[in-house]
Amino acid sequence: MRLVRLFHSQPPQLGLNWLEEAAAHKVGKVLRMRVGDAVELVCGDGRNYRGAIAQCDKKAVAAEIVAIADNPCTPTLPLHLYMALIKGEQQDWVLQKAVELGATAIVPLMTARSERELSAERWLKKQQHWQGILTAAALQCGRAEWPVLSAPQPLDETLNAPCALNIMLSPHDEAALQLPSQIDSVALMIGPEGGFTAEEVALACSKGWQTQLLGNRILRADTAAVAAMTAVQLNYGEFKTW
């Protein structure tokens, strides 16, 4: 059996750790693991807590942690994704792929052409759902931390350029941006279906963002997000030696 990775809300300690309800259910009811089966607990602090199932019965499940180590899958390039709100399933898919592609921060954007704005009440409901997607994606891809997820922000309130290179994807540019050969942090801004308005592009450029053409075809918002993150990793990150 492959190594099973489980979420634990607090940093586990060496020795016996009682699993939380969701993890215990997965071990006992879904995977039907046995005492001695290997597990790795993850709490979001960038470390792996490795051990084995020590107790597994109808009442509780415990893991004996024997080793703690830094996770080698932690992204080395700060990559911030500013993503306009799009349809639910597409938004979920982008969040999942952002974790896999090494994003370190995610800011949902409310723009003129966004699918819909999120009120404070709706955000509270979405936050738990989206956080669950980030955690599950991290467990699947090998990370032991996941991107910091901000509350949705209006575009005009989030334009202070946060990174050394700040790119707004625009399908209407006439030429591709000449990118620097080296950079230590990148922010990507992806618009909704229909793209950013001319006013939004002008405002972003006045705040230090640079527009970038991504190929000769117009991509869907979710496709553009994945393509742009991949391009960043190829130029500056983990895929550079590929």
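In what order do the five strands of the open sheet run, and what is the pairing? The order is S1-S3-S4-S5-S2, and the pairing is mixed. This is a predicted model: local features need pLDDT of at least 70, side-chain atom pairs count only at pLDDT 80 or more, and totals for chains, interfaces and linings use all residues. Residues are numbered from 1 along each chain as its sequence is written, and side-chain values use heavy atoms, with hydrogens and water left out.

**Sheet**
- Helices (H or I, at least four residues) and strands (E, at least two) are DSSP runs, numbered from the N terminus.
- Strand S1 (4-7) and strand S2 (15-18) are the edges; each pairs on one side only. Two strands pair if DSSP finds at least two bridges between them.
- From one strand to the next, the twist averages 40 degrees.
- S1 runs parallel to strand S3 (residues 38-42) over four bridges. Leu 6 sits opposite Leu 41 in S3.

**Helices on the sheet**
- Helix H1 (residues 21-30) packs on the sheet and touches S1, strand S4 (47-56) and strand S5 (61-70). Its direction makes about 150 degrees with that of S1.
- Helix H3 (residues 120-141) also packs on the sheet, touching S1 and S3. Its direction makes about 155 degrees with that of S1.
- Angles run from 0 to 180 degrees between N-to-C directions; axes are lines fitted to C-alpha atoms, for helices over the stretch in contact.

**H2 against H5**
- The axes of helix H2 (residues 88-100) and helix H5 (residues 221-236) come within 9 Å and cross at roughly 10 degrees.
- H2 and H5 are therefore roughly parallel (angles under 35 degrees).
- H2 contributes Gln 90, Trp 93, Val 94, Lys 97 and Ala 98 to the contact; H5 contributes Asp 222, Ala 225, Val 226 and Met 229. Contact means heavy atoms within 4.5 Å.

**H5 itself**
- The 16 residues of H5 should span 22 Å at 1.5 Å a residue; its end C-alpha atoms are 22 Å apart, which agrees. The expected span is 1.5 Å times one less than the number of residues.
- Buried residues of H5 include Ala 221, Ala 228, Val 232 and Tyr 236 (under 20% relative accessible area, 1.4 Å probe, protein chains only).
- Their cover includes strand S6 (79-84), H2, strand S10 (165-169) and S11.

**Val 186**
- Val 186 lies in strand S11 (residues 186-190). Val 186 is buried, at 0% relative accessible area.
- Not counting residues up to four places away in sequence, Val 186 touches Leu 77, Pro 78, Leu 79, His 80, Cys 163, Leu 165, Val 232 and Tyr 236.

Notes. Angles under 35 degrees count as roughly parallel, over 145 as roughly antiparallel, 65 to 115 as roughly perpendicular and the rest as oblique. Buried means under 20% relative accessible area, exposed over 50%, partly exposed in between (1.4 Å probe, protein chains only).
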